[in-house]
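Reader: Hey, I've just opened this one and I'm new to it. Can you walk me through it?

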Protein chains: 2
Amino acid sequence: MIYSKATEYALNALVYLAEQAPDDRNGVHQIADALDIPGHFLGKILQDLRKEKIVESSRGRSGGFRLARAPAEIGLYDVVSVLEDLQRYEMCIFDEYECTVDRPCSMVCEWNAVKNHITGFLQNHSLADLQMVRQFRADLDIPK
Amino acid sequence: MIYSKATEYALNALVYLAEQAPDDRNGVHQIADALDIPGHFLGKILQDLRKEKIVESSRGRSGGFRLARAPAEIGLYDVVSVLEDLQRYEMCIFDEYECTVDRPCSMVCEWNAVKNHITGFLQNHSLADLQMVRQFRADLDIPK
DNA sequence: ATCTATTCAGACATAAAAGTCTTAAATAAT
DNA sequence: ATTATTTAAGACTTTTATGTCTGAATAGAT
């Protein structure tokens, strides 16, 4: 993954939630155990996602997390931007300078196309797309 | 920058060296001062680059660093791979699984195209290209 | 009402990245 | 030979990312 562990865990947890019945509450430990990722860390990540209205939670005995809306309505860009500083990807490969269309670097530096590709991918795909990928893999028994 | 500080400093330092007379020795402090980056840290980075034969060094009174070959012969992939684990970029956006052409993920997941774009950029460009970018910017007085 | 499972919130701990410092070894100039 | 300058190497510190723990708040079950 080119992003942090937090983003990786978030994407996996969200796909997990997408695969459950839409109204089911899923406990942090249930998710963490199923995905084999650190439970308390996932808890913090889910709280961040909750603040951005990507998941909903309820406390108490049968509490847990669920998606705040349908997977197709949850864009990857929105998810990733919760946990990553995507401003980084607006910088030129060369250094910290910003690289925009009205600056010559963007003409010379094809890096611009690369970073637009990354950002575009995130903007044009949703959780539903990721979910489909995982389903394909499961169907074909792609090993860990 | 999507890469680490070390990579950023390395690219800047190498472009700096490319702009000097080919046989000149350039001291770490001279480079670090010119680029306003931490001197001792740069020293370690240059040692890593030396071990990979990207720069040469000589000790003593009029010692310093210089490029081991012409800028056009120094590929960005070679430089970046010294300081980054580029294996990361072969992983699927979804998780740590490897995503290759003979696996279904690569057909569904356009992420594959994104990461090939990144890797391809590095493989198809050299220090000389970066140097040209910097020259353009300097000529047009692009501010910091 | 009480018990218990659960999230919430934040403090705490560990690991990795980034940066600093010190000392040794090499070499050119004096 | 001595000295000043420079890289080489590694220990050390700081900062950020990752991960853990604890206790309080909440709400369903009994």
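This is a predicted model: local features need pLDDT of at least 70, side-chain atom pairs count only at pLDDT 80 or more; totals for chains, interfaces and linings use all residues.

Reader: Okay. Of the atoms of DNA strand D within 4 Å of the protein, what share belongs to sugar or phosphate?

Author: Sugar or phosphate holds 68% of those DNA strand D atoms, and the rest belong to bases.

Reader: Which side chain has an N or O atom 3.3 Å from a phosphate oxygen of DNA strand D?

Author: That's Y9(A), whose side chain has an N or O atom 3.3 Å from a phosphate oxygen of DNA strand D.

Reader: And what about the bases?

Author: The side chain of K44(A) has an N or O atom 2.9 Å from a base oxygen of DNA strand D. From chain B, the side chain of K44(B) puts an N or O atom 3.5 Å from a base nitrogen of DNA strand D. Several elements give two or more residues to the surface near this strand: helix 1 and helix 3 of chain A, along with helix 3, strand 1 and strand 2 of chain B.

Reader: How many nonpolar, polar and charged residues does the surface near DNA strand D have?

Author: The surface near DNA strand D has 5 nonpolar, 12 polar and 8 charged residues.

Reader: Now the other DNA strand. Which residues come nearest to DNA strand C?

Author: Of the 25 residues around DNA strand C, the nearest are G27(A), V28(A), R50(A), S57(A) and R59(A). Of the atoms of DNA strand C that come within 4 Å of the protein, sugar and phosphate make up 68%.

Reader: Which elements each supply at least two residues of the surface near DNA strand C?

Author: From chain A, helix 3, strand 1 and strand 2 do, and from chain B, helix 1 and helix 3 do. By class, this surface near DNA strand C has 5 nonpolar, 12 polar and 8 charged residues.

Reader: You mentioned G60(A). Where does G60(A) sit?

Author: G60(A) is in the turn of a hairpin formed by strand 1 and strand 2 of chain A, with 5 residues between the strands. G60(A) has a positive phi of about 85°. The two strands, residues 55–58 and residues 64–67, pair in the antiparallel sense over 4 bridges, and E56(A) stands opposite R66(A).

Reader: What about the hairpin in chain B?

Author: Strand 1 and strand 2 of chain B pair in the antiparallel sense over 4 bridges, with V55(B) opposite L67(B). That hairpin has 5 residues between its strands, and G60(B) takes a positive phi near 85°.

Reader: Is D36(A) buried or exposed?

Author: D36(A) is exposed, with a relative accessible area of 70%. In chain B, D36(B) has a positive phi near 55° and is exposed, with a relative accessible area of 69%.

Reader: Let me zoom out. How many helices and strands are there in chain A?

Author: Chain A has 7 helices and 2 strands. From the N terminus on, they run α-α-α-β-β-α-α-α-α. Of the 144 residues in chain A, 48% are buried.

Reader: What can you tell me about helix 1 of chain A?

Author: Helix 1 of chain A is mostly covered, with 13 of its 15 residues buried. At 1.5 Å a residue, helix 1 should span 21 Å, and its end C-alpha atoms are 21 Å apart, which agrees.

Reader: Which residues of helix 4 of chain A are buried?

Author: They are L76(A), V79(A), V80(A) and L83(A). Seen down the axis of helix 4 of chain A, these buried residues fall within an arc of 90°, so they line one face of the helix. In an α-helix there are 3.6 residues a turn, so residues three or four places apart point the same way.

Definitions and conventions. Residues are numbered from 1 along each chain as its sequence is written. Chains are lettered from A and ligands numbered from 1 in the order in which they are written. Side-chain values use heavy atoms; hydrogens and water are left out. Two strands pair if DSSP finds at least two bridges between them. The expected span of a helix is 1.5 Å times one less than its number of residues. Buried means under 20% relative accessible area, exposed over 50%, partly exposed in between (1.4 Å probe, protein chains only). A residue is near a molecule or strand if one of its heavy atoms lies within 4 Å of it. A polar contact is a pair of N or O atoms within 3.5 Å; within protein, one must be able to donate a hydrogen and the other to accept it, and residues adjacent in sequence count only if both atoms are side-chain atoms. Ala, Val, Leu, Ile, Met, Phe, Trp, Tyr, Cys and Pro count as nonpolar, Asp, Glu, Lys and Arg as charged, and the others, Gly among them, as polar. The arc is that of the directions from the helix axis to the C-beta atoms.
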